Amino acid sequence: MTHDIVVNDDNTASISVSFLDEGIDLQGNTSVKGGVAEALRYLPVFEADLRRNFSDLFPLPEMPQGGMMP
Amino acid sequence: MFANYIAGGIISVKGDIRDVVTGIKTVTATAAEIFAGATAKVNRKKLILKNEDPVLRFRIGLSTVTQQTGFPVEPGAIIELDIDHSVAVPIYAISEGANLNVAVMEI
């Protein structure tokens, strides 16, 4: 995921995220109260919510095949 | 903006259900815009929020909302906001404590 943060004049910060680097056509935009620090603090939460709410767009992780324990 | 506040009850939503967007948002101690999808729904007419936490309360308002100001949404409560669809007004939410989950519906 890639992101961009823009600080606004009204004490808010806008966050834009994109999952194109993962081959997923999903972009998200939101705003937080505060500046860069608040935006960076909220960013992983926003990312997790997008992955959860759009889980059908993300491929399931492959389960490892069976084998002998070392 | 007009709000119906229902705690744990049944709500009746009047609107075009074909355009409904739903999702779960994590509300944190950082006030952030709240919406259902990847961005706020364009021309939304209703915003319905359900506090899915059993103990924590969150507050909503404009971008100036704090943990002490804004309208409180009690654990398990549902709040319905009628919004002027011609004016895009971001609604912000902030937890009074730890992170909590909010079910969101936009029509």
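Author: Buried area is the accessible area, taken with a 1.4 Å probe, that two parts lose on being put together, summed over both. By that definition, chain A and chain B bury about 1,400 Å² between them, and 48% of this area is on carbon and sulfur atoms. On the side of chain A, the residues that lose the most area to chain B are A:K33, A:Y42 and A:N53; together they account for 35% of what that side buries.

The model is predicted: local features need pLDDT of at least 70, side-chain atom pairs count only at pLDDT 80 or more, and totals for chains, interfaces and linings use all residues. Residues are numbered from 1 along each chain as its sequence is written, chains are lettered from A and ligands numbered from 1 in the order in which they are written, and side-chain values use heavy atoms, with hydrogens and water left out.

In terms of contact (heavy atoms within 4.5 Å), 19 residues of chain A touch 21 residues of chain B. Nine residue pairs, both members at pLDDT 80 or more, are in polar contact between the two chains. A polar contact is a pair of N or O atoms within 3.5 Å; within protein, one must be able to donate a hydrogen and the other to accept it, and residues adjacent in sequence count only if both atoms are side-chain atoms. The number of salt bridges between chain A and chain B, by contrast, is zero, where a salt bridge requires a side-chain nitrogen of Lys or Arg within 4 Å of a carboxyl oxygen of Asp or Glu.

Two elements of chain A each give two or more residues to the side that touches chain B: strand 3 (27-33) and helix 1 (36-53). Helices (H or I, at least four residues) and strands (E, at least two) are DSSP runs, numbered from the N terminus. Helix 1 of chain A provides the largest share of that side, nine residues. By class, the side comprises seven nonpolar, seven polar and five charged residues; Ala, Val, Leu, Ile, Met, Phe, Trp, Tyr, Cys and Pro count as nonpolar, Asp, Glu, Lys and Arg as charged, and the others, Gly among them, as polar.

Although no salt bridge joins chain A to chain B, the count over all chains is nine. One of these pairs the side chains of A:D49 and A:R52, at 2.8 Å from N to O. Both residues lie in helix 1 of chain A, three residues apart, about one turn of the helix. Side chains of opposite charge can pair when their charged atoms come close.
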